[in-house]
Amino acid sequence: MTVESTAARKPRRSAGSKAGTTGTERTTRTTARKSAEPELVQLLTPEGKRVKNAKNAEYAKYVAGVTPEELRGLYRDMVLTRRFDAEATALQRQGELGLWASLLGQEAAQIGSGRALRDDDYVFPTYREHGVAWCRGVDPANLLGMFRGVNNGGWDPNGNNFHLYTIVIGSQTLHATGYAMGVAKDGADSAVIAYFGDGASSQGDVAESFTFSAVYNAPVVFFCQNNQWAISEPTEKQTRVPLYQRAQGYGFPGVRVDGNDVLACLAVTRWALDRARDGEGPTLVEAYTYRMGAHTTSDDPTKYRADEEREAWEAKDPILRLRRHLEASNHTDEGFFAELEAESEALGRRVREAVRAMPDPDRFAIFENVYADGHALVDEERAQFAAYQASFATESESGFVAGSGGN
Ligand SMILES: Cc1ncc(C[n+]2csc(CCOP(=O)(O)OP(=O)(O)O)c2C)c(N)n1
Ligand SMILES: [Mg+2]
């Protein structure tokens, strides 16, 4: 394009802006939109009060029978998950893990949805679903092994019906859809749930899985944790409409739930799973939440978002709101919290010791299981790596000790 033709073009208006708006006005409008309270299903306010209204009634009935013991269980799950997550962040900072993707702030979305599942349901997670992994009974130490780089996944997916973590954004929604189509063909009444993020919603894979699951009426729940950010991209750069509304265009229901309200997440996910089991096909659940920490330990969010935003979300903390509810309902005493504190510390210690004791894998193991029958390119890469390793052996003769392969 020439300079002349660029100059001749009429200036483009950005989406949603009016002719004549200045850049400053646009920024203000965007901020206003972000801070407006969205319409969502909420059963517990940030102050821990039960919300009872006609709008929520359809979902509230799914937790009508929840007992004090179950509420304490949800609280325990969230506290232990947060403790384990903090330990993992610390271990990365100590050089014991290569990377960690914290779930801080998303405990309610994950524990609420995770506890809605039956054992025979199947989960397809991203890389941040440590709370769901906890609900499925995956040993937290195994999760850390993957982030330490000493295993190629860490667990047998069929052992807990919890698929391996998936880093390729959005691809697991297709895996989940295919799996759900298989479940339907088998005539089973189990359901499938696919976790993904607000950023992933822009991926073609997610659009394709919506199309396929709808036309094949697959028993799958799409559980989108809208944590407001895809690394440094805010959600408003991913979509013009609230994400849950996208489902309508594919012909299935979408609902936005308060992702910091564990009770609402439990209720809405139970509802969506029931639809899947009853042959009503897919549902999109958008859990409206917030990533309190960095994207991963390699990220510095102070570079792209304001402290005030995080502070506003701190007031909606998922653990604090359930604690307030438990205390106000006299469902707990000091002993409960003290015991949980001790259990949290024991969990932190256990995973710390387990990680430090993990043996380094055989250096050549990474070349195994790439192809069932081997491949010339893999053979070539293995030979190159062997030569590289041998170069260290020579140096060790002059006093240099080859790296152990650990972090
Ligand atoms: C196909 C693909 N593209 C890009 C990336 C790099 N990437 C890793 S995480 C991420 C952002 C994902 O954001 P979101 O879906 O909102 O999930 P969140 O990390 O917030 O949980 C991107 C772009 C990737 N892993 N895979
Ligand atoms: Mg996100």
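Start by selecting ligand 1 and its shell: by class, this shell has 7 nonpolar, 4 polar and 3 charged residues. Here Ala, Val, Leu, Ile, Met, Phe, Trp, Tyr, Cys and Pro count as nonpolar, Asp, Glu, Lys and Arg as charged, and the others, Gly among them, as polar. There are 14 residues around the ligand, and Ile169, Gly197, Gly199, Ala200 and Ala230 come nearest (a residue is near if its C-beta atom, placed from the backbone, lies within 6 Å of the molecule).

A note before moving on: this is a predicted model, in which local features need pLDDT of at least 70 and side-chain atom pairs count only at pLDDT 80 or more, while totals for chains, interfaces and linings use all residues. Residues are numbered from 1 along each chain as its sequence is written, with chains lettered from A and ligands numbered from 1 in the order in which they are written.

Next, select serine 190, in the loop between α9 (171–186) and β2 (192–197). Helices (H or I, at least four residues) and strands (E, at least two) are DSSP runs, numbered from the N terminus. Is serine 190 buried or exposed? Serine 190 counts as buried because it has 20 C-beta neighbours inside 10 Å (buried means 20 or more other C-beta atoms within 10 Å, exposed 12 or fewer, partly exposed in between, with C-beta atoms placed from the backbone). Draw a distance from its C-alpha to that of aspartate 121: they are separated by 5.1 Å, though 69 residues apart along the chain.

Now step to valine 192. Leaving aside neighbours within four places in sequence, its contacts include Asp121, Tyr122 and Val183 (contact means C-beta atoms, placed from the backbone, within 7 Å). Valine 192 is also among the residues that touch the most other members of the largest nonpolar core, which has 82 residues. Such a core is a set of buried Ala, Val, Leu, Ile, Met, Phe, Trp, Tyr and Cys residues joined through C-beta atoms within 7 Å. Highlight helix α12 (residues 262–277) too: the largest share of this core, 11 residues, comes from there.

Isoleucine 231 lies between β4 (229–230) and β5 (233–234) and has a positive phi of about 50 degrees although it is not a glycine. With 14 other C-beta atoms within 10 Å, isoleucine 231 is partly exposed. Finally, pick asparagine 369, in the loop between α15 and α16 (376–397). Its phi is also positive, near 60 degrees, and asparagine 369 counts as exposed, with 8 C-beta neighbours inside 10 Å.

Definitions and conventions. Two residues are in contact if their C-beta atoms, placed from the backbone, lie within 7 Å.
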